[in-house]
Every structure is written in C-alpha cells, then in structure tokens.
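Subject: The model, and what turned up in it

Hi,

Here is the structure I promised to pass on to you. Please open it next to this message, and then read on for what was found.

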Amino acid sequence: MSKDLFGKALLDYQNGNYSEDIITYTNISDEDELPLPYLFRNYSEMPKLEQAALKLAKGNVLDVGCGSGSHALWLQEQDIKVKAIDSSEGAVEVAMKRGVLNVELKPLLEETESFDTILLLMNGTGIFQELSEVANYLKHLKSLLNLDGQILIDSSDISYMYEDDDGGMWLDLNQGYPGELDYFLSYKGEKEVPMKWLYLDFETLKTACLTVGLKCEKVMDGEHFDYLARIF
C-alpha cells in the first residue's frame, strides 16, 4: 500500500510546513529533487506543452492525476466545467482547499462519467504503468469520451537516457520496452513503495491508439524529447 508521501508533501506545502522537497529516482537515473512549489505553479509558470493542452481543452473536462489542482483551477477561471481526480488522498484534500469545485479520490479505471476533453499531463502516460496495460487504459479512456471528444496527453521518448558518451546505445533489448521504469519517491526520510511508471514515445502511443480504434496526432514537441498528443 502507498504511504501517500506525495500527498503528505502537498499538504505540508499547502499548510505552510514547507521545509524540503520530494526526492525521486528511477532504475536508470540518479536522485532528483521535485520542488514542491513547482507542484503549485500557476499558468504562466507551466511548460508550453501544458499551456497548449489547457488552451485546447473544451466542453466538460476530466483532469486525471490532478495533484494540487493547478490545471483544474485555471480551467475553472476560464469558466470551463472540470472534474479532477487523483488516487492520492493528500492531493485531493489540497485541491479542495485550493478551490477545485469538483474533485474526487478515484483511480482512472474507476471513472464512469463521460467527458468532451480528458487531460493527462505531467507525463500522462505514466499512469499506464507498463506497455502491456496501455490498450486497457486507452479502451477505458475511449469509453469515457463523448462524441467528438478528445484526450490530451503528454509524454517523452526517453531512449536518449540509454545513450553512452559516443552516441551509441547500451539498451538491453531483453529488458523490454525502454520507457518502462521503476519509480522511487522519498520525502522527509521516508521511502514510498516503488511504482511502475511508463514513458511512451509518440510512434508507440500512436500505434497503441490505432489498435483500439482511436486516432492520435502530435500537437507539438516540447523542449526535451517530450511532446503533446491529441487522441480522438
């Protein structure tokens, strides 16, 4: 079971108890700090990919993995109807405290309402966990879309992380898809239960969409091997 360290960190920041950041690392990368203020960013502080996704959002919106609610709050300010969901109790509590009107503690696969736009941002494909689960998640997302609905999702092609200094690849192809990572998080000396986290390159995402009867187009590339895609 998750200790919800992510939620605890968000609550600490929201309640004025900010003293340190979240530490993350993966099975192929070293420790990195995830600054808590970044998780409370406003529209002007968001990466261009996120800004573009929010501007494309229309109709009735579902914000998946809403975190502290920054995306949902901006949409509310534009008078867009938005429902925010997260599987972190702390995140949901913080989003409510910050003024998100419709927020629920719920994993994506338990969502049943229908929407015109579904947002999965901050490496939205991460929630799929591993390549073998992508089709299941896409089928479920498809079932939540209204006629002419869209899914806006971002991810990165992380194959660059497997390059050596000479530009060659040290990828072990017996290890499976390179975007499947084990993700570790710690906060204030406590370690979270490791979780699986998936980065999908655009072509792999596009192929997965086609297999479940969805179309996928690239909206834009980001600054570092990342991209925003629209699925419909």
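A word on the ground rules. This is a predicted model, in which local features need pLDDT of at least 70 and side-chain atom pairs count only at pLDDT 80 or more, while totals for chains, interfaces and linings use all residues. Residues are numbered from 1 along each chain as its sequence is written, and side-chain values use heavy atoms, with hydrogens and water left out.

**The cores**

The largest nonpolar core has 29 residues. By that term I mean a set of buried Ala, Val, Leu, Ile, Met, Phe, Trp, Tyr and Cys residues joined through side-chain atoms within 4.5 Å. Buried stands for under 20% relative accessible area, exposed for over 50%, and partly exposed for what is in between (1.4 Å probe, protein chains only). The residues with the most contacts inside this core are L108, I118, F128, L138, L205 and I231. At least two of its residues come from each of β3 (61-64), β6, α5, β7 (145-156), α6 and β12. Helices (H or I, at least four residues) and strands (E, at least two) are DSSP runs, numbered from the N terminus.

Leaving aside residues up to four places away in sequence, I118 touches L62, V64, L141, L144, L145, Q150, I151 and L152, where contact means heavy atoms within 4.5 Å. Another core, of 24 residues, lies apart from the largest one, and Y43, M46, C66 and L73 are among its members.

**The aromatic rings**

A pair of aromatic rings is described by the distance of the centres and the angle of the planes. Rings of Phe, Tyr and Trp (its six-membered ring) pair if their centres lie within 6.5 Å; planes under 30 degrees apart count as stacked, over 60 as edge-to-face and the rest as tilted. The whole structure has 8 aromatic pairs.

One of them is Y43 with W74, a stacked pair at 4.6 Å centre to centre and 15 degrees between the planes. Y43 is in the loop between β2 (29-34) and α2 (48-56) and W74 is in helix α3 (residues 70-77), so this pair ties together parts that are 31 residues apart in sequence. Y43 is buried at 18% relative accessible area, and W74 is buried at 15%.

F202 and Y227 are edge-to-face, because their ring centres are 5.6 Å apart and their planes stand at 80 degrees. With F202 in helix α6 (residues 202-211) and Y227 in strand β12 (residues 226-231), the pair ties together parts that are 25 residues apart in sequence. Both F202 and Y227 are buried. Elsewhere, ring pairs join Y13, Y18 and F40 into a cluster.

Two rings also have a charge over them (NZ of Lys or CZ of Arg within 6 Å of the ring centre and within 35 degrees of the ring normal). R41 has its charged end over the ring of Y38, 4.1 Å from the centre, and R230 lies over the face of F232 at 4.4 Å from the ring centre.

**The salt bridges**

How many salt bridges does the structure hold? There are 12 salt bridges, each being a side-chain nitrogen of Lys or Arg within 4 Å of a carboxyl oxygen of Asp or Glu.

- E104 and K83 form a salt bridge, with the closest N and O atoms 3.3 Å apart. The pair links distant parts of the chain, E104 being in strand β5 (residues 103-105) and K83 in strand β4 (residues 82-86), 21 residues apart. E104 is partly exposed at 27% relative accessibility, whereas K83 is buried at 1%.
- E93 and K97 meet in a salt bridge at 3.7 Å, N to O. They are 4 residues apart in helix α4 (residues 89-98), so about one helical turn separates them.

K83 and E104 also belong to a network of salt bridges that includes K106, E111 and E113.

**Two backbone angles**

Most residues other than glycine have a negative phi. M122 has a positive phi, near 65 degrees, and N123 has a positive phi near 55 degrees. M122 lies in the loop between β6 (115-120) and α5 (134-143), and N123 is found in the loop between β6 and α5 too. M122 counts as partly exposed at 37% relative accessibility, while N123 counts as buried at 9%.
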